[in-house]
Amino acid sequence: MLTAQFLLLGAVLFCIGVYGVLARKNAVMVLMSIELILNSVNLNLLAFSVRHGSVDGNTFALYIIAIAAAEVGVGLAMVLLIYRNRRTIALDDLSEMKG
Amino acid sequence: MLAADLLVAQNIGFGIIALLMVVGALRVVTVNNVVHAALWLVVVLSGAAAQYLLLSAEFVAITQVLVYVGAVMVLFLFGTMLTRARIGAENDLNNKNWKIAIPVSLLMLGVMSWVIVDGFRDEKLIENPGEMSQVPIQLISDDIFGPYLLPFWALSFVLLVAVIGAIVLARKD
């Protein structure tokens, strides 16, 4: 197995996630795309962990999984709050803080 | 080069799983039904867990299945069902200017692939495939409770704040 094949898979997933964040209007879909991005980073960390023969990458991957879980929890709570106040979660409509 | 050094079975497995993951990820960002997108995300996350197994990181793979496929997906489905009355296909999931995102992400992909291919070329992940053994969980815990103890504390605090914040945000009063 080559190092580059895992890194390339991570890059492809990362770019698909970035596309999702940019293109999607629905807030839940944007959160899903962020999950794609975080997973691609995890893939890179584990590949480098194997490449350097150390377990540090595994530790970081576990930390990232925990951070992602916290992020989804808070993010969905915010989405529910926005939906309750405005009856929509389309990100285009949330423009009060626009300069 | 010896046949054993090529790891044919692992490479075939990697290719199949990688294809599944890329197709699933593309469906996540293109399908026009939120529940279907969540289910395609399950495919991608399970594929990621399988790749972690190929990288001999069993503990991370199991945590991935437990946390992502188990907990996060349930959260997503709850979020979907609580924020819309009907569940089905919709036409307005994309921004007005969503087409701009295609060249942006393709440009990023081009630059990243160029750097990766230029930097690693045909470097092997591990010189001696026979040495690739599973990561002992004891080493991971020594790592977490040794040099990375401070980030672990910070992480515990972040989780506490996230739990309290989610309750405060979602409470009705």
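Predicted model: local features only at pLDDT ≥ 70, side-chain atom pairs only at ≥ 80, totals over all residues.

Modeller: The largest nonpolar core comprises 66 residues. Those with the most contacts inside it are A:Val28, A:Met32 and A:Leu46 from chain A, and B:Val28 and B:Val44 from chain B. Chain A supplies two or more residues to this core from each of α1 (3-23), α2 (27-52) and α3 (56-86). In chain B, the elements that do so are α2 (8-30), α3 (34-54), α4 (58-82) and α7 (149-170). The greatest contribution to this core is that of α1(A), with 13 residues. On the side of chain B, at least three residues of the core are drawn from each of domain 1 (3-91 + 101-133) and domain 2 (136-173).

Apart from residues up to four places away in sequence, A:Leu46 touches A:Gly57, A:Asn58 and A:Ala61 in chain A. Its contacts in chain B are B:Tyr52, B:Leu55, B:Ala57 and B:Val60.

The helix α1 of chain A also contains A:Gly17. This glycine counts as buried because 26 other C-beta atoms lie within 10 Å, and the cut-off for a buried residue is 20 or more. Leaving aside neighbours within four places in sequence, A:Gly17 is in contact with A:Ser33, A:Ile34, A:Leu36, A:Ile37 and A:Ser40. By comparison, A:Tyr63 is 46 residues from A:Gly17 along the chain, and 20 Å separate the C-alpha atoms of the two.

The UniProt record, an unreviewed entry, lists residues 6-22, 29-48 and 60-83 of chain A under "transmembrane region". In the model, residues 6-22 of chain A are 100% helix and 0% strand, with 24 Å between the end C-alpha atoms. Residues 60-83 of chain A are likewise 100% helix and 0% strand, and their end C-alpha atoms lie 34 Å apart.

The meeting of the two chains can also be described as a whole. In total, 59 residues of chain A are in contact with 72 residues of chain B. On the side of chain A that touches chain B, the elements giving two or more residues are α1, α2 and α3 of chain A. The largest share of that side, 21 residues, comes from α3(A). By residue type, the side of chain A that touches chain B divides into 42 nonpolar, 11 polar and six charged residues.

It remains to describe the partner, chain B. Chain B has seven helices and zero strands. Its C-alpha trace spans about 65 × 40 × 25 Å along the principal axes. The radius of gyration of chain B is 21 Å, whereas a compact globule of 173 residues would have one near 16 Å. Buried residues account for 23% of the 173 residues in chain B. Among the contacts in chain B with a separation of 6 or more, 58% join residues 24 or more positions apart. Chain B is divided into domain 1 (3-91 + 101-133) and domain 2 (136-173), and the centres of these domains, taken over C-alpha atoms, are separated by 24 Å.

Note on methods: Residues numbered from 1 in each chain as written. Chains lettered and ligands numbered in written order. Core = buried A, V, L, I, M, F, W, Y, C linked by C-beta atoms within 7 Å. Buried ≥ 20, exposed ≤ 12 C-beta atoms within 10 Å, placed from the backbone. Helix = DSSP H or I, 4+ residues; strand = E, 2+ residues; numbered from the N terminus. Domains from an automatic or database assignment. Contact = placed C-beta atoms within 7 Å. Rg over C-alpha atoms; globule rule 2.2 N^0.38 Å. UniProt positions renumbered as here; feature names shortened; annotations may be inferred. Nonpolar A, V, L, I, M, F, W, Y, C, P; charged D, E, K, R; others polar.
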